[in-house]
Amino acid sequence: MTELSAHDLRIEIGDVVVCRDLCATFMPGQVWTILGPNGVGKSTLLRTLAGLYQPIAGRVTFDGQSLVDMPRRERARQIGILFQDHADVFPLTVTETVLTGRHPWCSPLQGESAVDLERVDQVLDEVGLDGFQDRNLFSLSGGERRRVDLAALAVQDSAVVLLDEPSNHLDPRHQVTLLGGMIDKWRHARRAVVMVLHDINLAVRFSDYLIFLYGDGKASQGLVTEMATAAQFSGLYDQPMGRYQANDRDLFFPL
């Protein structure tokens with residue numbers, strides 16, 4: 001069984017100690033969300049799990065193998081990441097951008113196949129961008145651009161999906177139907193999903209497990225049913241939080 005595991009991670013960025021001795025195993029079919037105040041290193045933890053940032057101590061393994069020892073091409077096949085922001089430099093089309101998600105699987109000599117292009121068209125239809133194939137990235141709205149990024153991640157077909165603020169630029173309908181639908185598909189396809197979110201209620205709605213980062217090296221983790229309380233969120237954000245129920249859901253808000 002393939003799994004992504006963090007072993008005794010100590011991560012620092014500048015003067016911030018992101019975590020000390022963090023251990024976690026992200027199993028296929030599980031959805032985790034990392035929560036915490038601004039500047040505590042949530043994105044840095046996610047990049048560490050992707051093998052893009054090296055911890056001070058500890059290691060990250062995939063299926064028992066250290067990410068440091070994995071060839072980059074194989075790592076890209078197994079671990080996909082959606083970054084919080086994108087910097088568009090070249091005037092690529094939507095199809096060209098989404099195809100970057102297939103590059104770990106493509107032959108360096110033959111390039112993309114007809115099957116790859118069919119997969120791109122399929123996913124663009126799923127994210128509501130059918131007919132956008134030839135559109136220039138610079139012509140898209142923020143929400144449309146975010147959906148392109150999600151499509152590129154979807155066609156990568158990685159075993160582990162890492163998402164940094166995936167709801168950025170998405171309106172409420174797309175947050176629930178599009179992002180929520182993609183997370184459900186990844187869960188049912190036995191992918192491990194790890195997200196960074198600022199929206200507590202989306203985290204509670206979509207996740208099985210939560211990781212709290214406090215900014216002083218302390219981290220805690222557990223099932224959503226254990227972690228998602230007004231008292232726990234009040235301590236995490238140093239802000240009194242309230243809870244109410246609507247449509248059989250617990251919703252949290254600052255007091």
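Visitor: At 9% relative accessibility, does Ser-167 count as buried or exposed?

Guide: The model is predicted: local features need pLDDT of at least 70, side-chain atom pairs count only at pLDDT 80 or more, and totals for chains, interfaces and linings use all residues. Residues are numbered from 1 along each chain as its sequence is written, and side-chain values use heavy atoms, with hydrogens and water left out. A residue is buried under 20% relative accessible area, exposed over 50% and partly exposed in between (1.4 Å probe, protein chains only). Since the relative accessibility of Ser-167 is 9%, this residue counts as buried.

Visitor: Between which strand and which helix does Ser-167 lie?

Guide: Helices (H or I, at least four residues) and strands (E, at least two) are DSSP runs, numbered from the N terminus. Ser-167 is in contact (heavy atoms within 4.5 Å) with Gln-175, Leu-179, Leu-197 and Leu-202, residues up to four places away in sequence not being counted. The loop that holds Ser-167 runs between strand S7 (160–164) and helix H6 (172–188).

Visitor: How many residues of strand S8 are buried?

Guide: In a regular strand the side chains alternate between the two faces of the sheet. In S8, Ala-192, Val-194 and Val-196 are buried on one side, and Val-193 and Met-195 are buried on the other. Strand S8 (residues 192–196) is therefore largely enclosed by the rest of the structure, with a buried count of 5 of the 5 residues.

Visitor: Over how many bridges do S7 and S8 pair?

Guide: Two strands pair if DSSP finds at least two bridges between them. In this pair, Asp-164 stands opposite Val-196 in S8. S7 and S8 run in the parallel sense, and their pairing extends over 5 bridges.

Visitor: Of which hand is the β-α-β crossover from S7 through H6 to S8?

Guide: With the strands pointing away from the viewer, a crossover is right-handed if the path from the first strand over the helix to the second runs clockwise. The crossover from S7 through H6 to S8 is right-handed.

Visitor: Which residue in S8 is the bridge partner of Thr-33?

Guide: Strand S3 (residues 31–35) pairs with S8 in the parallel sense over 4 bridges. Val-31 stands opposite Val-193 in S8. The bridge partner of Thr-33 in S8 is Met-195.

Visitor: What is the order of the 6 strands in the open sheet?

Guide: Strands of a sheet pair through backbone hydrogen bonds, either parallel or antiparallel. The pairing in this open sheet is mixed, and the order of its 6 strands is S6-S7-S8-S3-S9-S10.

Visitor: Which are the edge strands of that sheet?

Guide: An edge strand here pairs on one side only. The two concerned are strand S6 (79–82) and strand S10 (219–223).

Visitor: How many bridges join S9 to S10?

Guide: S9 and S10 form a hairpin with 5 residues between them, and Gly-215 in the turn has a positive phi of about 95 degrees. Tyr-209 stands opposite Leu-223 in S10. S9 and S10 run antiparallel, and the number of bridges joining them is 5.

Visitor: How far apart in space are Ser-220 and Leu-210, C-alpha to C-alpha?

Guide: Ser-220 is placed in strand S10, and the residues it touches include Leu-210, Ile-211 and Phe-212. Ser-220 and Leu-210 are 10 residues apart in sequence, and their C-alpha to C-alpha separation is 8.3 Å.

Visitor: At roughly what angle do the axes of helices H5 and H6 cross?

Guide: Axes are lines fitted to C-alpha atoms, for helices over the stretch in contact, and angles run from 0 to 180 degrees between N-to-C directions. The axes of H5 (residues 142–156) and H6 come within 12 Å and cross at roughly 10 degrees.

Visitor: Is H5 roughly parallel or roughly antiparallel to H6?

Guide: Angles under 35 degrees count as roughly parallel, over 145 as roughly antiparallel, 65 to 115 as roughly perpendicular and the rest as oblique. The contact involves residues including Leu-150 and Leu-153 of H5 and Leu-178 and Met-182 of H6. By its crossing angle, H5 stands to H6 as roughly parallel.
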